[in-house]
Amino acid sequence: MVLGLASPDVTFTQSIAPGIHRLTQAHTNTYLVESEQGLLLVDAGLPNTYPHLLNALRQLRRTPADLRAIVLTHAHFDHVGMARRLQEEVGCSVHVHLADAYLALHPYRYRHERPRLGYPLRYPKGAAQLLRMARAGALRVRGLDRIPEGLPAGPSELPGRPNVVLTQGHTAGHCALDFPDRGATITGDALVTLDPYTGHEGPRIIAGAATADSPRALRSLAAIAELGRRTMLPGHGAAWTGELSDAVAAARAAGRS
């Protein structure tokens with residue numbers, strides 16, 4: 001079920017994969033994963049998404065107290081967004097790969113291999129997308145006030161028991177979360193279906209305006225390709241279903257931008 005949440009720029013899609021729900025604002029996705037241990041929030045979106053998250057929880061007949069943990073696939077500002085507020089007001093733990101721990105404290109101090117300023121001029125569709133993100137609070141994200149808990153690669157004991165897949169390149173500590181029992185993989189920004197900097201759609205890596213090392217990011221896709229047939233749930237853009245090796249092949253064909 002897809003529901004608008006008091007804004008044409010916000011949607012909440014229930015059961016986009018078994019027990020996984022997607023909340024989207026400004027084409028920036030965050031995911032709620034249900035489990036017997038409570039709810040796992042994967043990525044914390046943008047600051048203005050907070051009231052929409054509360055509304056989504058109500059629709060699931062849940063409360064913020066049901067949130068057991070937040071996992072950041074990486075620590076860019078548009079994934080850290082609500083994390084500090086949830087940490088302070090709800091008390092849930094925040095987990096990120098330790099290579100991104102500093103970035104979680106300072107989410108605007110990220111490495112990028114190409115200058116950002118030229119992208120809005122070259123890609124008007126991307127400029128419109130970035131403006132929507134700014135309206136959703138992208139320019140005023142508060143980093144965490146303390147070092148988050150680590151997120152080592154491999155099987156985890158987090159709610160939903162995801163397998164953490166190291167997919168470095170977009171950032172030094174980027175990770176995807178695989179849920180083999182649900183046939184779904186949350187790929188974060190390692191593999192997206194919408195690049196917010198160019199507006200290009202279809203499986204791809206994100207532009208060098210926000211990617212630290214595109215060649216490494218493309219190499220890291222091998223770990224995603226090995227996961228088999230899945231519903232791919234990216235950090236930006238629509239879900240994609242099929243053999244992940246096909247999505248990876250499309251991303252490699254698209255290359256860097």
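Two strands count as paired if DSSP finds at least two bridges between them. Strands themselves are DSSP runs of E, at least two residues, and helices are runs of H or I, at least four, all numbered from the N terminus.

Now the model. It is predicted, so local features need pLDDT of at least 70 and side-chain atom pairs pLDDT 80 or more, while totals for chains, interfaces and linings use all residues. Residues are numbered from 1 along each chain as its sequence is written, and side-chain values use heavy atoms, with hydrogens and water left out.

Start with the sheet. It is open and has 6 strands, in the order β8-β9-β10-β11-β14-β15. The pairing is mixed.

Look at the β8 end. β8 pairs with β9 (residues 163–166) in the antiparallel sense, over 2 bridges. Gly 154 sits opposite Val 164 of β9. Helix α8 (residues 244–254) packs on the sheet and touches β11 (184–188), β14 (229–234) and β15. Contact here means heavy atoms within 4.5 Å. The direction of α8 makes about 105° with that of β15; axes are lines fitted to C-alpha atoms, for helices over the stretch in contact, and angles run from 0 to 180 degrees between N-to-C directions.

Back to β9. β9 also runs antiparallel to β10 (residues 175–179), joined by 4 bridges. There, Asn 163 has Asp 178 of β10 as its bridge partner.

On a 1 Å grid over the protein atoms alone, a cavity is a set of points where a 1.4 Å probe fits but cannot get out; a pocket is an open set with protein on both sides within 12 Å along at least five of seven lines; lining residues have an atom within 4 Å of a point. The search of the whole structure finds 1 cavity of 30 Å³ or more. The largest cavity has a volume of about 60 Å³. Its lining includes His 76, Phe 77, Tyr 110, His 170 and His 236.

The largest pocket holds about 330 Å³. Which residues lie closest to its centre? Of the 17 lining residues, they are His 27, Leu 194, Glu 201, Gly 237 and Ala 238. α6 gives the most to this lining, with 3 residues.

Last, the rings. Phe 77 and Tyr 110 form a tilted aromatic pair, 6.2 Å centre to centre with 35° between the planes. Rings of Phe, Tyr and Trp (its six-membered ring) pair if their centres lie within 6.5 Å; planes under 30 degrees apart are stacked, over 60 edge-to-face, the rest tilted.

Definitions and conventions: Grid points are joined across faces, edges and corners, and a volume is the space filled by probe spheres set on the points.
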